Amino acid sequence: FEFACPMSTEGGLQRQFYEMLMDSQWWSADQLRNHQRSQLSQLLHHAKANVPFYEHRLDAVLMPSGDIDWNRWRDIPIVRRQDLAEHRSAIQATQVPPGHGATESYRSSGSTGTPIEITVNGLVTLVNTALRWRYHSWNSLSWAEPMVIWQLDAQASPGGIVPLGPWGPKWSPESTGVSWGVGKDIDTETMASFLTDSRSAYVNRGPKAMHVFALDCERLGLRPSFDAILCQGEACDESDREAFHRVFGARAVELYSAKESGHIAHPCEHGSLHLAEEAIFVELLNEAGDPCEVGETGDVTVTPLYFTAQPVIRYQLGDMAEYAPPCACGRKSRVLG
């Protein structure tokens, strides 16, 4: 998948990227590393040439010949949340590569600190959507079933519910399931009734808010039933999973992502949280700044490969994680514990 790509053919490109992901999930560790380095090389050269913030920060790895000294990768200074806030203007690219799409800005939720403004280019959305479809396939989610996205500002509609159309890829004949956007402030009885009447199979919402909804339904004797809760925005723990299964008969499918970096990791059919290594380079660093071993907790440090409007190279999210042993599913992407 080339770094420069034509957004004018977005539909075909999205299918192409998804199909690449379905193939690359079985790549060897060496193939994944080589893909990452190919994309990282282009990202570094782009940032050096077009982003004032990185004019000299990459000098340790960028040779005068244009080659990359990968042995000095960890000499690149860490970027922190404060840098994004204080150097907002300097970290914006003066131009993005041809075909990387229009840019838009939004603010992070501030779940790991002070909210900051993020600028993304259109290719990022395309890549994240393709990654989302892959984890749907890994977890046997059917695009033919109804889906509720319960975190939208949908209050303009009666009851705070708005139709959003099919939620699977447009090119797939399976994408016949409707989706609904539901406002955050809908009451428990109305929501439980809607889930039952719409025969929704999936609900997309943060796990803690969904846990509260489960306990409220249990208290009121309401029993909407569905297949899966697609959790994002915060960690889903065993108490959340137990409540979802007890009250709704539902499983939890957890997505790890951040607005500053896009999708980071997805669960496979075994429940292992695989890094999305085709789209992001993740480092777990200990207190000394060295890579963590399996089972050692470290700072999550990310370099998303397709963020070209506002590159974040070696950005510490503020999360802590550890590597888990390789998954029995056979995929070679690294696993988070």
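The radius of gyration is taken here over C-alpha atoms, and the globule rule is 2.2 Å times the number of residues to the power 0.38. For the 337 residues of the protein, a compact globule would have a radius of gyration near 20 Å, and the value of 21 Å computed for the protein agrees with this. The structure is a predicted model, in which local features need pLDDT of at least 70 and side-chain atom pairs count only at pLDDT 80 or more, whereas totals for chains, interfaces and linings use all residues. Residues are numbered from 1 along each chain as its sequence is written, and side-chain values use heavy atoms, with hydrogens and water left out.

Along its principal axes the C-alpha trace spans about 70 × 45 × 40 Å. The secondary structure comprises seven helices and 16 strands, assigned as DSSP runs numbered from the N terminus (helices H or I, at least four residues; strands E, at least two). Buried residues, 52% of the 337, are those under 20% relative accessible area, with exposed meaning over 50% and partly exposed in between (1.4 Å probe, protein chains only). Of the contacts with a separation of 6 or more, 66% are accounted for by residues 24 or more positions apart, a contact being heavy atoms within 4.5 Å. The accessible surface comes to about 15100 Å², of which 50% belongs to carbon and sulfur atoms, as given by the Shrake-Rupley method with a 1.4 Å probe, for which only the protein chains shown count as cover in the case of residues.

Helix H7 (residues 238–248) contains the buried residues Asp240, Ala243, Phe244, Val247 and Phe248. Seen down the axis of H7, these buried residues fall within an arc of 100°, so they line one face of the helix, the arc being that of the directions from the helix axis to the C-beta atoms. An α-helix has 3.6 residues a turn, so residues three or four places apart point the same way. The cover over the buried residues of H7 includes helix H6 (207–220), strand E7 (228–231) and strand E8 (251–254), whereas Glu238 and His245, on the other side of H7, are exposed. Just after H7, Gly249 takes a positive phi of about 65°.

Arg74 lies in the loop between helix H2 (29–50) and helix H3 (81–86) and is partly exposed, with a relative accessible area of 44%. When residues up to four places away in sequence are not counted, Arg74 touches Glu283, Gly289, Asp290, Pro291 and Arg314. Arg74 and Thr301, 227 residues apart in sequence, are 11 Å apart in space, C-alpha to C-alpha.
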